[in-house]
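Please look over the sequence and the model below before reading on. The paragraphs that follow begin with aromatic rings, turn to a pair of helices and end with the protein as a whole.

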Amino acid sequence: MARSSPARGVLGAFVAAPVVYPGRPAAPLVHAAAYAASRSAGVWGAALGVSPAVHAAPVPLARRAGRGVVVRMADEPAGSTAVVATPPTAPERPPPGPTPPALTYERVVGFRRFLQSWRLARVVRARVAKNSVLAFSLGGSLPETSPPALPFRSAPATSLESVTNALRHAAHDPRVSAVYLRLEGFSCGWAKLQELRRHLDYFRAADKTITVFMETGGEKEYFVALSADEIFVPPTGMLVLRGFMGGGSFLRGVLEKVGVDPQVQRRGVYKSAGDQLARKDMSDAQREVVESILDATYERFVSAVAEARSKDPADVRAFLDRAPFEMQEYEDEGYFQLKYEDEVLDMLKKRHNDGSEEKQLKASLKSVSLKKYGRVSDKLLALSGKARVAVVRASGAITSGKNGSSPVMGPTLGSESVVAVIRKLRLDDSIKAVVLRIDSPGGSALASDVMWREIRKCCEVKPVIASMSDVAASGGYYMAMACPTIVAESGTITGSIGVLTAKPSLKKAYERIGYTKETFSRGALAELLVDDRPFSKEEADYFSRSTDAAYRSFVTKCAESRGMSYDDLHAVAQGRVWLGGQAASRGLVDHVGGLWTAVALAKQAADIPMEQNVNLVEARFGGGGLLARLGVGVTADAAEGSRGVTLASLSEPLALTEFDGSGESPLMRLVASALVAPLVGMPGGGKLVGDALRSFMGRPGA
């Protein structure tokens with residue numbers, strides 16, 4: 001008999017540990033322990049959690065006479081070992097071929113040009129005046145795709161899909177002669193910005209001009225602006241280039257003050273997500289990782305600026321070190337020009353409006369909005385072919401159930417929704433290939449595996465190419481590795497093959513407030529998850545062995561998927577996050593590029609001639625119930641029995657990434673939500689917490 005705690009609410013939310021199910025004997029095999037761990041604690045997904053890691057040497061494995069392998073991590077205690085069966089050697093994968101050219105501008109000529117002109121002459125809903133400017137503002141998170149606008153909700157953010165489609169269409173549209181882009185602050189990662197710049201360059205290749213204006217900004221905004229013909233900032237603007245920074249936050253000191261022992265175990269020298277709970281400072285491994293990511297990002301930015309502005313990289317570095325705050329100095333150095341927005345608009349009016357100069361300036365700029373221009377299609381511009389290639393945009397934290405929205409993690413990616421779409425595409429003979437576009441930091445291990453299975457089944461019928469967006473790490477990489485070919489941007493965050501488990505002991509916290517509770521149990525490990533005391537020696541050993549086995553299983557599956565030996569995969573695992581270019585040189589990614597690189601590879605795999613256009617079909621997910629689609633009183637997770645990430649589910653552990661490129665830590669969001677979890681039981685508490693979290697994170701209502 002032992003004391004235990006009240007219902008887990010406050011800090012029990014970030015427990016990640018194996019569960020012993022009532023009525024089941026304690027599993028004598030490590031594999032059974034790993035299964036229990038992955039079922040209840042999402043250890044797989046915790047293994048799939050991300051920490052910013054970029055470079056490390058492998059930890060050697062000690063072999064035991066061919067009967068198994070002792071897994072021992074360099075920074076774990078000696079007792080943290082387990083003997084598991086040595087996996088068979090995976091068949092070696094052939095090296096990836098050359099990356100095919102993608103998104104190369106070619107003018108529409110011949111019969112297609114005639115067809116385009118005929119269709120444009122007959123169009124009504126997508127009518128655009130000749131010599132128009134495609135004008136729009138852009139910033140924020142730039143999600144892969146936006147949900148439909150709903151009543152009683154704020155307008156959805158502008159999506160990467162809508163912007164890139166508009167730029168590609170406008171490049172071929174004889175009615176559009178320029179783009180006016182008003183940049184605002186970006187909160188997305190670098191991979192989406194690389195994809196955006198690729199489409200801006202495509203538009204310019206059609207001998208059309210791009211004008212960018214911004215009042216404030218930093219490195220991300222200026223990186224996008226480098227693809228413009230003209231960059232304007234007001235004389236009193238605040239576009240300042242200072243360089244890059246990174247770091248970490250740690251809660252161990254706070255937890256000690258409130259009497260909480262997190263009891264974190266991690267497998268992987270660079271698995272630093274758990275350090276946020278277990279340490280008071282940054283480990284040498286995490287420090288190496290952060291500096292490596294900063295080095296790669298800094299050099300990529302310097303090279304881009306030097307190339308676009310015809311400067312020596314050394315001069316760009318010196319300029320960043322000076323970090324001028326006077327806009328005149330930027331203009332003098334050739335980084336941008338100084339004009340107020342009304343001056344920029346008058347300049348564009350003179351170029352594009354009809355009539356005399358006086359008439360041009362009095363009229364509004366002849367322009368078309370992004371929303372209206374979204375009615376233009378590939379078919380209208382004779383850019384579509386007969387062969388159909390589906391694009392599935394899988395975005396959000398991975399959960400079981402249907403797609404939804406969580407006050408903790410924002411949009412969620414439900415395994416039931418993804419499986420239904422992939423299965424439909426697999427059975428549709430008119431779909432010749434599938435491009436799986438992934439933008440996910442991971443989540444539920446079980447859901448990741450369910451989706452992995454369905455993707456593998458689809459690969460047996462037709463080509464499936466993975467295209468990584470900002471982040472495809474953890475469960476996101478789990479999905480991608482089901483595909484025989486993986487494409488990532490050089491700035492994509494991917495990898496993160498490691499294991500993290502944790503179970504807080506609240507013994508001291510309960511002693512301070514005088515709270516006690518008694519628990520009766522049958523079974524040596526039945527009290528494994530009680531949180532009013534630390535692990536016993538036997539429980540700690542069980543917990544450690546199950547974590548070892550989960551890591552071993554995850555690495556084995558990755559090795560088999562990528563055609564690598566266990567040792568070779570282990571060398572690039574251990575919880576490391578890789579940037580896309582680094583992952584490509586280590587066998588985790590096949591090609592560096594964007595969505596259209598994946599489309600070109602899909603055409604190759606499906607034996608579609610490269611010069612032939614295809615009909616890209618955006619595979620949409622079904623919504624929740626009617627109330628959810630109308631936005632009345634419920635969220636999509638609550639509709640139709642979804643089992644997504646909700647505040648009510650936080651008593652169960654979630655596998656979250658520490659670093660996803662957005663500047664926010666999903667792990668910290670989860671801990672923050674756990675601290676206010678008791679409010680959920682109050683009438684209206686769930687909505688109160690959701691609104692508070694969204695306000696705290698600076699995110700509009702879902």
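One aromatic cluster is formed by Trp190, Phe223, Phe244, Tyr298 and Phe301, where rings of Phe, Tyr and Trp (its six-membered ring) pair if their centres lie within 6.5 Å. The model is predicted, so to speak of local features a pLDDT of at least 70 is needed, while side-chain atom pairs count only at pLDDT 80 or more, and totals for chains, interfaces and linings use all residues. Residues are numbered from 1 along each chain as its sequence is written, and side-chain values use heavy atoms, with hydrogens and water left out.

In the structure there are 15 aromatic pairs. One of them joins Tyr105 and Tyr202, an edge-to-face pair (planes over 60 degrees apart) with 5.5 Å from centre to centre and 75° between the planes. This pair links distant parts of the chain, since Tyr105 lies in the loop between β4 (83-84) and α3 (110-122) and Tyr202 in helix α5 (residues 190-204), 97 residues apart; helices (H or I, at least four residues) and strands (E, at least two) are DSSP runs, numbered from the N terminus. Tyr105 and Tyr202 are both buried, a word that stands for under 20% relative accessible area (1.4 Å probe, protein chains only).

The rings of Tyr478 and Phe554 have centres 6.0 Å apart and planes at 15°, so this pair is stacked, the term for planes under 30 degrees apart. Here too distant parts of the chain are linked, with Tyr478 in helix α17 (residues 475-480) and Phe554 in helix α19 (residues 537-562), 76 residues apart. Tyr478 counts as buried at 1% relative accessibility, and Phe554 is buried with a relative accessible area of 0%.

Tyr298 and Phe301 also belong to a helix contact: in α9, Tyr298, Glu299, Phe301, Val302, Val305 and Ala306 meet Pro313, Val316, Arg317 and Leu320 in α10, contact meaning heavy atoms within 4.5 Å. By class, this contact has 8 nonpolar, no polar and 2 charged residues. The axes of α9 (residues 284-308) and α10 (residues 313-322) come within 9 Å and cross at roughly 115°, which makes α9 roughly perpendicular to α10, a label for angles of 65 to 115 degrees.

Taken as a whole, the protein has 25 helices and 26 strands, and buried residues make up 55% of its 702 residues. Of the contacts with a separation of 6 or more, 75% are between residues 24 or more positions apart.

How values were computed. Axes fitted to C-alpha atoms, helices over the stretch in contact; angles between N-to-C directions. Parallel < 35°, antiparallel > 145°, perpendicular 65-115°, else oblique. Nonpolar A, V, L, I, M, F, W, Y, C, P; charged D, E, K, R; others polar. Buried < 20%, exposed > 50% of the residue type's maximum accessible area, 1.4 Å probe, protein only.
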